[in-house]
Amino acid sequence: MCGKGFLECPNEIKPWWWNLTVKRLHLSSPLTFAPFLSCQNVIRILREKAFDQAPVTNESGEILGMVTLGSILSSMQEGKVKLSDPVSMVLCKDFTQVYLTDNLGKLSCILNRHNFALLVHDHTKYEADGSVCPRQMVFGVVTAIDLLNFITTHEGQDQPQS
C-alpha cells in the first residue's frame, strides 16, 4: 500500500532525503530491448553494460515488460526457452513504476520489497487517424544502489533542494 502511494510508509523520523523527488537521482538514460532480440544477445548486452535488467519496448516505445538475467535463467532451467528464443518469451510484467515527481521515501519503500522500479513519464501520442493514445516513456531503471549512491554522496552536505 505504501509503495503504491495509498498509505504513508511507517517511519516516524524521516531522513533528510525522504521528501526529495526521484528526479534528484540524475539517472543515466535507459537501455531498452526490442521484443524480438534473442535471449543470447540480451545476456551478452546486459553483461557488457553491467546491468541485471532492462525494459523491453515495442517499436513505438510502449513498455511490454522487463527482462532480468534471473528470468532468463529460470526460464532456461525450466526448459521454457532456448538462447535463440526472443526475449519477449521471458518478460516480467509485474514491476513497479515510479515517476520523476515521486519522492525518494516512496521509492525507498518500493525498493524494500522489489529489486528495481521502472522510472516512467506519461505522454500523449496523436495517431494519423486523429486518435489520441496515452503512452508511457521509459526514463530509467532505479535500483537500491542508485538511491544509496545519492544518499552517501550528499550526506553531510548542505541538504539538496527538491
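This is a predicted model: local features need pLDDT of at least 70, side-chain atom pairs count only at pLDDT 80 or more; totals for chains, interfaces and linings use all residues.
Next, display the C-alpha atoms alone. Taken along the principal axes, they fill a box of roughly 50 × 45 × 30 Å. With contacts shown, consider those between residues at least 6 apart in sequence: 56% of them join residues at least 24 apart.

The accessible surface of the protein chain is about 9800 Å², and carbon and sulfur atoms account for 52% of it. Of the 162 residues in the protein chain, 40% are buried. Selecting the charged residues brings up 14 positive and 16 negative charges, whose mean positions lie 3 Å apart.

The tour then moves to the aromatic rings, where the structure holds two aromatic pairs. Select Trp16 and Phe150: this pair is tilted, with 6.0 Å from centre to centre and 35° between the planes. Trp16 belongs to the segment before α1 (39-49), while Phe150 sits in helix α4 (residues 144-154), so the pair ties together parts 134 residues apart in sequence. Trp16 is partly exposed, at a relative accessible area of 24%, whereas Phe150 is buried, at 6% relative accessibility.

Finally, select Trp17 and Trp18. Their ring centres are 5.8 Å apart and their planes meet at 40°, so this pair is tilted. Are these two residues buried or exposed? Both Trp17 and Trp18 are buried.

Conventions:
Residues are numbered from 1 along each chain as its sequence is written. Side-chain values use heavy atoms; hydrogens and water are left out. Buried means under 20% relative accessible area, exposed over 50%, partly exposed in between (1.4 Å probe, protein chains only). Contact means heavy atoms within 4.5 Å. Accessible areas come from the Shrake-Rupley method with a 1.4 Å probe; for residues, only the protein chains shown count as cover. Lys and Arg count as positive and Asp and Glu as negative; His and the chain ends are not counted. The place of a charge is taken as NZ of Lys, CZ of Arg, CG of Asp or CD of Glu. Rings of Phe, Tyr and Trp (its six-membered ring) pair if their centres lie within 6.5 Å; planes under 30 degrees apart count as stacked, over 60 as edge-to-face and the rest as tilted. Helices (H or I, at least four residues) and strands (E, at least two) are DSSP runs, numbered from the N terminus.
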